[in-house]
Amino acid sequence: MSDLLPVLDAQRRLLALAGPVEAQTLPVSQAAGRWLADDIRALRTQPDADLSAMDGYAIRFAELPGPWELVGESAAGSPLGTAIAPGEAARIFTGAPVPGGADTVMVQEEAASDGKTLALDGEGPSAKGANIRKRGGDFDEGDNLLLAGERLSPPRLALAIAGGHGTLPVRRAVHVALVSTGDELVPPGKPTGPAQLPASNAYMLAAQLASLPVEIHDLGIVPDTMEALAKAFAASSKADIIVTIGGASVGDHDLVRPALEEAGGIMEFWRIAMKPGKPLMAGTLGGAVVLGLPGNPASAFVAAKLFLEPLVAALSGASHPLPRFHTAPLASRLPAVGKRTEYLRGQRVGETVEAIPQQSSAALAALAEADVLICRPAHEPAAEPGDRVDILPLA
Ligand SMILES: Nc1nc2c(c(=O)[nH]1)N[C@H]1C(S)=C(S)[C@@H](COP(=O)(O)OP(=O)(O)OC[C@H]3O[C@@H](n4cnc5c(N)ncnc54)[C@H](O)[C@@H]3O)O[C@H]1N2
Ligand code: MOO
């Protein structure tokens with residue numbers, strides 16, 4: 001077991017195997033969720049004028065409590081056009097430019113007006129400039145709004161558009177080939193004999209990647225023969241990432257590593273100090289990164305969370321591709337950890353978390369119940385109720 005690679009070392013070695021895919025320019029309507037390939041500067045100032053933050057009246061603060069003569073209105077998109085003179089006020093709406101001469105907006109709830117004249121009817125604005133969003137209060141033209149390597153979250157996408165951009169430089173979608181290996185596997189919905197089971201992992205992995213910018217090529221089920229695996233590798237050689245599922249361990253039918261080498265690929269590392277997911281393998285084949293995931297469903301899921309999702313993010317240009325752990329207090333005791341870091345399938349109980357009793361890496365029913373992974377580093381002593389543990393929320 002001494003040759004098992006610590007998880008963080010393995011993650012770093014994996015992410016070092018390939019750089020980001022090429023950049024492309026996409027219309028903003030297609031750029032959500034992509035990672036930026038360049039910094040984004042503001043092409044305009046926002047707001048580009050002093051705007052009213054409320055519905056009310058534009059006045060001079062020094063003239064409070066009025067009365068004023070009403071001389072017109074300023075609405076969002078159609079400004080008053082002239083400045084107000086002393087003794088004058090203008091009707092104004094949220095988002096409308098404040099007319100010249102005015103320096104304050106009085107909210108309509110604190111005003112009395114017959115449409116021609118206006119007077120204070122309440123406390124009134126507390127200071128000069130009240131209820132006005134100053135020009136450039138959000139950002140100024142030329143400001144650096146976003147950095148290369150940041151992901152276009154919904155607010156960041158909106159910020160880039162507000163900054164004047166109609167297209168954005170992003171990384172293209174990452175092409176991921178999925179290869180399910182095993183003579184026992186049967187396509188979904190087909191009858192199974194006692195020695196068979198439905199091939200579920202590729203669908204789980206595709207769903208795990210669904211929120212990332214990927215194009216999935218599912219090569220289906222490949223029998224446990226060198227020829228079949230060699231054909232699958234050849235068919236997926238244009239992918240950025242080739243994911244094999246199963247056949248990663250040490251049995252006589254675990255052929256992924258020899259088949260990769262036979263196909264001209266290079267194995268970079270194999271076997272990680274993690275539970276589940278130990279037999280994970282990484283390598284390269286031409287320009288593709290090959291990730292060999294274990295076949296057990298919980299092993300494949302956890303290995304994909306810790307390795308495949310970060311690899312996709314790194315190839316997509318992410319500056320911080322590794323998952324971010326949180327902490328939560330334990331609801332119940334956990335035993336001391338052995339030589340492999342454990343990723344326990346867990347559930348939230350109020351503010352606390354607890355491990356599901358069934359931790360077999362073959363148990364899909366238990367995996368499907370989990371809403372967190374509880375991370376317990378190798379060699380940690382037992383943890384008591386209330387102790388904080390690292391968790392990775394699952395959607
Ligand atoms: N002597 C040893 N045996 C095993 C070791 C070891 O170190 N020494 N490691 C064990 C661990 S840990 C794991 S995890 C498994 C992983 O083995 P493989 O990656 O070779 O996976 P398979 O044997 O092909 O399959 C394991 C299990 O998962 C099922 N499976 C496979 N593919 C799918 C799929 N696409 N969808 C659903 N289920 C799938 C398969 O039928 C098996 O039941 O090895 C241990 N053995
Ligand atoms: O690593 Mo295996 O994934 O422990 O069952």
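This is a predicted model: local features need pLDDT of at least 70, side-chain atom pairs count only at pLDDT 80 or more; totals for chains, interfaces and linings use all residues.
Let's take the layout. The protein chain divides into four parts. Domain 1 covers 7-21 + 172-315, and domain 2 covers 23-46 + 140-171. Domain 3 is 51-133, and domain 4 is 326-393. Take the C-alpha centres of domain 3 and domain 4: 59 Å lies between them.

Now the record. UniProt, in an unreviewed entry, puts "domain: MoaB/Mog" at residues 177-314. That span is 31% helix and 30% strand. Its end C-alpha atoms are 17 Å apart.

Next, some strand pairing. Start from strand E5, residues 68-74. Strand E9, residues 117-120, runs antiparallel to E5, and two bridges join them. Glutamate 69 has threonine 117 of E9 as its bridge partner. E5 also pairs with strand E6, residues 88-92. Here the sense is parallel, over four bridges. Look at glutamate 73: opposite it, in E6, stands arginine 91.

Which residues are around ligand 2? There is a run of Lys275, Pro276, Gly277 and Lys278. Then come Pro294, Asn296 and Ser299.

Notes. Residues are numbered from 1 along each chain as its sequence is written. Chains are lettered from A and ligands numbered from 1 in the order in which they are written. Domain bounds come from an automatic or database domain assignment. UniProt positions are given in the numbering used here, feature names are shortened, and annotations may be inferred rather than shown by experiment. Two strands pair if DSSP finds at least two bridges between them. A residue is near a molecule or strand if its C-beta atom, placed from the backbone, lies within 6 Å of it.
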